[in-house]
Structures are given as structure tokens and as C-alpha cells.
Amino acid sequence: MRAFIFPGQGSQAVGMGVGLAEASVEAREVFQEVDEALGRHLFRLMAQGPPEELTLTANAQPAIMANAIATLRASGIALPAKAAFVAGHSLGEYSALWAARAFDLATTARLLRLPGEAMQAAVPVGEGAMAALLGAGLEV
């Protein structure tokens with residue numbers, strides 16, 4: 001029995017997926033299907049940047065999902081008809097839903113686009129910030 005855990009936002013980087021696409025037909029098919037579902041060249045942005053465009057929430061979220069699924073498909077690991085255990089950190093829940101066969105890849109990409117675009121529209125580029133608080137007690 002295997003468990004799969006999928007990453008959330010912050011794991012994006014220009015060049016992500018390039019090695020996978022070069023080495024695996026399955027990975028290339030994932031990137032192509034996501035591009036078609038979204039109606040844009042997301043993989044080109046993942047491969048070439050610029051980083052400030054890739055890190056926009058509306059781009060980073062579907063890029064991370066596409067890379068996670070391409071990694072799994074390229075690994076050659078066959079998912080069971082029903083996944084035993086899947087989890088995802090934040091947007092990784094969409095990759096987990098795909099792995100659990102709740103949605104096909106195109107639907108997963110289109111569904112993930114919605115919160116990414118909503119989050120991007122809620123805060124203009126260059127405004128706001130995000131921070132992580134680690135190891136603090138409740139009183140802090």
C-alpha cells in the first residue's frame with residue numbers, strides 16, 4: 001500500500017518539469033493536456049519564466065499541480081482503482097483529488113484555475129505579503 005502527498009504553493013520554480021518532459025512521454029502528455037484544458041501555454045511559462053509571472057498565484061497553482069501529476073505519471077507507478085491514501089498541502093488537494101480519481105486531469109486543471117484566479121484578483125500584484133510562523137506557542 002502506498003500513500004501520496006502532493007505539494008502546495010511555494011514549490012514552483014522556473015525550469016520545473018523540463019527534465020521530466022525531456023525524459024518521459026507521459027509527463028509531456030500531462031503538460032500538453034493541462035495547456036489545452038487551460039487554453040494557454042503554461043508549460044512554456046514553467047520552463048522559461050519569467051519567475052515573477054510564474055509566481056503569480058493564478059499561474060503557480062496549476063503549474064505545481066501539473067508538475068506533481070507529471071512526476072507521478074513519469075514514475076511509472078500505477079495508481080490503484082481507488083487510491084488508499086492521498087493528501088495535499090493547500091492546492092495539493094487538487095492533485096490528491098486527481099489521484100483519488102475524483103476528477104480527470106483536464107477537469108482538475110480547470111477547477112484549480114478558479115481559486116488561483118480569485119486569489120490573484122483579491123490582492124493586486126505587489127501588495128500584501130505571506131509569512132510562516134514556525135515553532136511558536138499559542139500565547140505568541
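Predicted model: local features only at pLDDT ≥ 70, side-chain atom pairs only at ≥ 80, totals over all residues.
Leaving aside its neighbours within four places in sequence, which residues is N67 in contact with?

1. N67 is in contact with M16, G17, L20, F31 and M46, once neighbours within four places in sequence are set aside, where contact means heavy atoms within 4.5 Å. The residue is found in helix α5, helices (H or I, at least four residues) and strands (E, at least two) being DSSP runs numbered from the N terminus.

2. Residues are numbered from 1 along each chain as its sequence is written, and side-chain values use heavy atoms, with hydrogens and water left out.

3. F31, one of the contacts of N67, is buried, with a relative accessible area of 3%. Rings of Phe, Tyr and Trp (its six-membered ring) pair if their centres lie within 6.5 Å, and planes under 30 degrees apart count as stacked, over 60 as edge-to-face and the rest as tilted; by this rule there is one aromatic pair. F31 and F43 form that pair, which is stacked, at 4.4 Å centre to centre and with 25 degrees between the planes. The pair links distant parts of the chain, since F31 lies in helix α2 (residues 25-38) and F43, twelve residues apart from it, in helix α3 (residues 42-48).

4. In α2, the buried residues are A27, V30, F31, V34, D35, A37 and L38. Seen down the axis of α2, these residues fall within an arc of 165 degrees (taken from the directions from the helix axis to the C-beta atoms), so they line one face of the helix. Their cover includes α1 (18-23), α3, α5 (57-75) and α7 (105-122).

5. The largest nonpolar core has 34 residues, and those with the most contacts inside it are F31, V34, M46 and M65; such a core is a set of buried Ala, Val, Leu, Ile, Met, Phe, Trp, Tyr and Cys residues joined through side-chain atoms within 4.5 Å. Two or more residues each come from β1, α2, α3, α5, α6 (92-99) and α7, and α5 gives the most, with nine residues. M65 touches V34, L91, S95, L105, T108, A109 and L112, not counting residues up to four places away in sequence.

Definitions and conventions. Buried < 20%, exposed > 50% of the residue type's maximum accessible area, 1.4 Å probe, protein only.
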